[in-house]
Amino acid sequence: MKQEIYDTVVLGAGESGVGAAILCHAKNLSVFVSDYGTIAPKYAKELEANGIPYEQGKHTEEIILSARQIVKSPGIPLTAPVIRKAQEKGISVISEIELAGFYSDAYMIGITGSNGKTTTTMWLYHILTKAGLDVGLTGNVGFSLARQVAKDPHDYYVIELSSFQLDNMYRFRCNLAVLLNITPDHLDRYDHDFDLYARAKMRIMQNQTASDTFIYWGEDAYISSYVKEHPSVAKKEAFYLTAVANASACIQAGEQIVFHVGERTFSIPAAELALPGPHNQQNAMAAALAALTLDVPDEILREALKDFVNVPHRLEYIATVDGVKYINDSKATNINSTQYALQSMHTPIVLILGGTDKGNDYADIEDLILPKARGLIFLGVDNAKLHSSFDGKVPLVADALSMKEAIEKARGMAQTGDTVLLSPACASFDLFKNYEDRGDQFRSTVLELKTKNEK
């Protein structure tokens, strides 16, 4: 029997992959979905309802390598054998975002960075929704861009983009591109070469035209250098945490954030922002610059900067038990994220660190930990590196192999007025399904503790 040749094979059947398959189906492209793992029942049912053939638990290479194009899940590395074979055969390998861009004329707002991109994406979506724009939330948050283009199209899309998605984007154009920062992360996917990772982030500005806008943190040495060395015709708006002449956004006198976009000036006290900390000032500046570029009125922008509610797992206040605050920052999976969290703490802390180490140098956060930490809890299977970094420097140190154990030990260390902060600086896969599972367990354990305490 002759093997069917598909227009598109989608590798990976999560939200991104299934969204891509639905878009292909809607555009009358023959499509096949292949997932090396187990497909979640809700996605399998959706594929079946649309009559889209799929396989799970394997990759059938004779089907995959006969496709005209492959749409790859961001989670599949470029070094995967099936991807290498496809590239050797000259088969186009693209991301779901790239596919969706072929079929949409909407205004595309891409947001990336090593830290803060989810918060900034959600904050900007909040602002634009409040302003009455027809906007979709997508990328690493919300429903996939391809799904929305197929089933629920919008005039604007706010897209959180990872370096993995940017790797396989070639012709996609961001009308407005936001780059928050670049710090070492995911280097295991980039041959432990920071420059390769950073260049993946810089791809967000590729294909921009003179009518487009590039918003970036002017104090990031790599970004600033790259922008100077690779001139772009796009309009550039840089933001700073210090007072800088001719800045598009900066903080003056340490308290007032001032914006200049075109002929328009806008300002707001940093203390009035919905979220605390220098990192959230950066997030707010980036989101506000994008909003000002899109002519959001001052009164709506001001209100939205004040009333935004942060995403779960990012400096999420859970409860106060026995006078101790519990903060869930499980999304801090690298050193810089934890650094931002520590800068936001103004009380003594018991810090829960650890998990799957990504090559961290804990010396980078030592000067923030030592003056504040009453104790440290190392939540991981292998905590040797953490012990070598902090033993003898912090009064109290303990290990934990579960969230319940971590919180019990943290409670024993903390005093009234302290904060117990989960900000691990590591991936979660040694003890948890993902950072969401880690944060959910933290939340549920603390709330259970609070309920018991109130009885």
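The centres of domain 1 and domain 2, taken over C-alpha atoms, are 29 Å apart. The contact draws 24 residues from domain 1 and 19 residues from domain 2. This is a predicted model. Its protein chain is divided into domain 1 (8-94), domain 2 (98-307) and domain 3 (316-454).

**Domain 1 against domain 2**

Between domain 1 and domain 2, about 1600 Å² of area is buried. Carbon and sulfur atoms give 64% of that area. On the domain 1 side, Glu15, Leu23 and Ile94 lose the most area to domain 2. Together they make up 35% of what that side buries.

Two salt bridges are counted between domain 1 and domain 2. Glu15 also has a salt bridge to record: its side chain meets that of Arg147, at 2.8 Å from N to O.

Four elements each supply at least two residues to the side of domain 1 that touches domain 2: helix 1 (15-26), helix 2 (41-49), strand 4 (69-72) and strand 5 (92-94). Helix 1 gives the most, with nine residues. By type, this side of domain 1 divides into 15 nonpolar, five polar and four charged residues.

**Helix 10**

Helix 10 spans residues 221-229. Its buried residues are Tyr222, Ile223, Ser224, Tyr226 and Val227. The cover over them includes strand 9 (176-179), helix 9 (194-202), strand 10 (213-217) and strand 11 (235-239). Asp220 caps the N-terminal end of helix 10. One of its side-chain oxygens lies 3.1 Å from the backbone nitrogen of Tyr222.

| Residue | Relative accessibility | Class |
|---|---|---|
| Ser248 | 8% | buried |
| Arg314 | 6% | buried |
| Asn28 | 70% | exposed |
| Asp322 | 45% | partly exposed |

Ser248 sits in the loop between strand 11 and strand 12 (249-252). Ser248 counts as buried because its relative accessibility is 8%, and the cut-off for buried is under 20%. Beyond its neighbours within four places in sequence, Ser248 is in contact with Lys236, Glu237, Ala238, Val258, Phe259, His260 and Leu289. Arg199 is 49 residues from Ser248 in sequence, and 24 Å separate the two in space, C-alpha to C-alpha.

Arg314 lies in the loop between helix 12 (298-307) and strand 15 (316-321). Arg314 has 6% relative accessibility, so this residue counts as buried. Its side chain makes a polar contact with the side chain of Asp329, at 2.2 Å. Residues up to four places away in sequence aside, Arg314 touches Thr119, His279, Asn328, Asp329, Lys331, Ser337 and Tyr340.

Which phi value does Asn28 have? Phi of Asn28 is positive, about 60°, although Asn28 is not a glycine. Asn28 is found in the loop between helix 1 and strand 2 (31-35). At 70% relative accessibility, Asn28 counts as exposed.

Asp322 is another residue other than glycine with a positive phi, here near 55°. Its place is the loop between strand 15 and strand 16 (324-328). Asp322 is partly exposed, with a relative accessible area of 45%.

Terms used. Residues numbered from 1 in each chain as written. Predicted model: local features only at pLDDT ≥ 70, side-chain atom pairs only at ≥ 80, totals over all residues. Heavy atoms only, no water. Buried < 20%, exposed > 50% of the residue type's maximum accessible area, 1.4 Å probe, protein only. Contact = heavy atoms within 4.5 Å. Polar contact = N/O pair within 3.5 Å; in protein donor to acceptor, adjacent residues only side chain to side chain. Domains from an automatic or database assignment. Buried area = accessible area lost by both parts, 1.4 Å probe. Salt bridge = Lys/Arg side-chain N within 4 Å of Asp/Glu carboxyl O. Nonpolar A, V, L, I, M, F, W, Y, C, P; charged D, E, K, R; others polar.
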